Amino acid sequence: MQLSFSFIIPVYNRPNEIEELLQSFAKLEDTTEFEIVIVEDGSTDSSELVVKNYASQLNIAYYFKENSGPGDSRNFGMQKAKGNYFIILDSDCILPNQYLKEVKKTLNSNYVDCFGGPDAAHASFSNLQKAINFSMTSFITTGGIRGNKNSVDKFQPRSFNMGLSKKAFEATQGFGRIHPGEDPDLSIRLWNLGFETAFFQTAYVYHKRRISWSKFYTQVNKFGMVRPILNKWHPETKKITYWFPSVFVFGVMLSVLLTFINVLLPLYLILGYYILAFIIALFQTKNIVVTFQSLIAITIQFFGYGIGFFKSTFFIGILNRNPEQQFPKLFFKSK
């Protein structure tokens, strides 16, 4: 099959991000023709003028629609796209020059109907962005499920850097209304239909993640709340590893309480984990400030995810509440 690529990019009030991303498109080394489909998801701060500035350099289709969330906007873009293989990106990503070349090479040698690539921190990123990138991608924190060939779990592509064939999109009807969580939900439905997913290690993007500590907590807390909902929808995917952040949270609280009766071993074990994380972060980032901030990011990630997971497990798994009624902010309304 001759592949024709359409990049699908939803955007919401981020014209500056789109400009950076389009700049990176203009620098791609591969000469293969491709289409860029930008879907403005009800923004009040439009990217249209930015897109027009690149219209002479790049093949761009721009659409404005009512706000309905990133999943629905990706579906909208794929419905409008002319290619037969879609590459979905977040607006806060930047492409390295060889990105498309690596995607084509890997698809030609190992074709799959859905792939995911890793995210990395560009040298220009802030220390906070680099610290959060370490926390979100390190094997010692997530087990590599967000982009690691040594992942402890079957790889579930994430939509900040995901490839999806037109055939797979039409078979699944794309992303659902839950957000976050629409990525693993789609992966699981693809598996159930017999499609394969794969990790393309060399097809990485620079993922900027313009967030503060508080926004990072909100993000990972939602990740935690979503997982029990996915477990309910797809019980065959339940894994004990999803409990690890919650166990960590309770372990930290218990270890502190035990110090009052002079039981120190649990606290030493937790300190040992942080020392190991410090060493790995320092080795990878080679920046002492980023290393210390990585420890903060790890703590926020574990507590945010762990608390969200436990809360959602209680309401969804034990009390058997309706997910959308219990957590309406995790779902976009149907249009």
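Here is a quick briefing on the cysteines, aromatic pairs and charge-over-ring contacts in this structure.

This is a predicted model, so local features need pLDDT of at least 70, side-chain atom pairs count only at pLDDT 80 or more, and totals for chains, interfaces and linings use all residues. Residues are numbered from 1 along each chain as its sequence is written, and side-chain values use heavy atoms, with hydrogens and water left out. The model has zero disulfides and 24 aromatic pairs.

**Cysteines**

- A disulfide is a covalent bond between the sulfur atoms of two cysteines; here the cut-off is a pair of cysteine sulfur atoms within 2.5 Å.
- There are zero disulfides to find in this structure, and cysteine 93 is in none, with the nearest cysteine sulfur, that of cysteine 114, 16 Å away.
- Seen from cysteine 114, the closest cysteine sulfur is the one in cysteine 93, and at 16 Å that is too far for a bond.
- Cysteine 93 has 1% relative accessibility, so it counts as buried (buried is under 20% relative accessible area, exposed is over 50%, and partly exposed is in between, using a 1.4 Å probe and protein chains only).
- Cysteine 114 also counts as buried, at 0% relative accessibility.

**Aromatic pairs**

- Rings of Phe, Tyr and Trp (its six-membered ring) pair if their centres lie within 6.5 Å; planes under 30 degrees apart are stacked, over 60 edge-to-face, and the rest tilted.
- The count by this rule is 24 aromatic pairs, and one of them is phenylalanine 5 with tyrosine 85, edge-to-face at 6.1 Å centre to centre with 70° between the planes.
- That pair links distant parts of the chain, with phenylalanine 5 in strand S1 (residues 5-11) and tyrosine 85 in strand S4 (residues 85-89), 80 residues apart.
- Helices (H or I, at least four residues) and strands (E, at least two) are DSSP runs, numbered from the N terminus.
- Both phenylalanine 5 and tyrosine 85 are buried.
- Phenylalanine 7 and phenylalanine 25 also pair edge-to-face, at 4.8 Å centre to centre and 80° between the planes.
- Phenylalanine 7 is in strand S1 and phenylalanine 25 in helix H1 (residues 15-26), so their pair ties together parts 18 residues apart in sequence.
- Phenylalanine 7 is buried at 0% relative accessible area, and phenylalanine 25 is buried at 2%.
- One aromatic cluster is made up of Phe5, Tyr85, Tyr111, Phe115 and Phe200.

**Charges over rings**

- A charge sits over a ring if NZ of Lys or CZ of Arg is within 6 Å of the ring centre and within 35 degrees of the ring normal.
- Arginine 74 has its charged end over the ring of phenylalanine 175, 4.9 Å from the ring centre.
- Lysine 286 has its charged end over the ring of phenylalanine 283, 5.2 Å from the ring centre.
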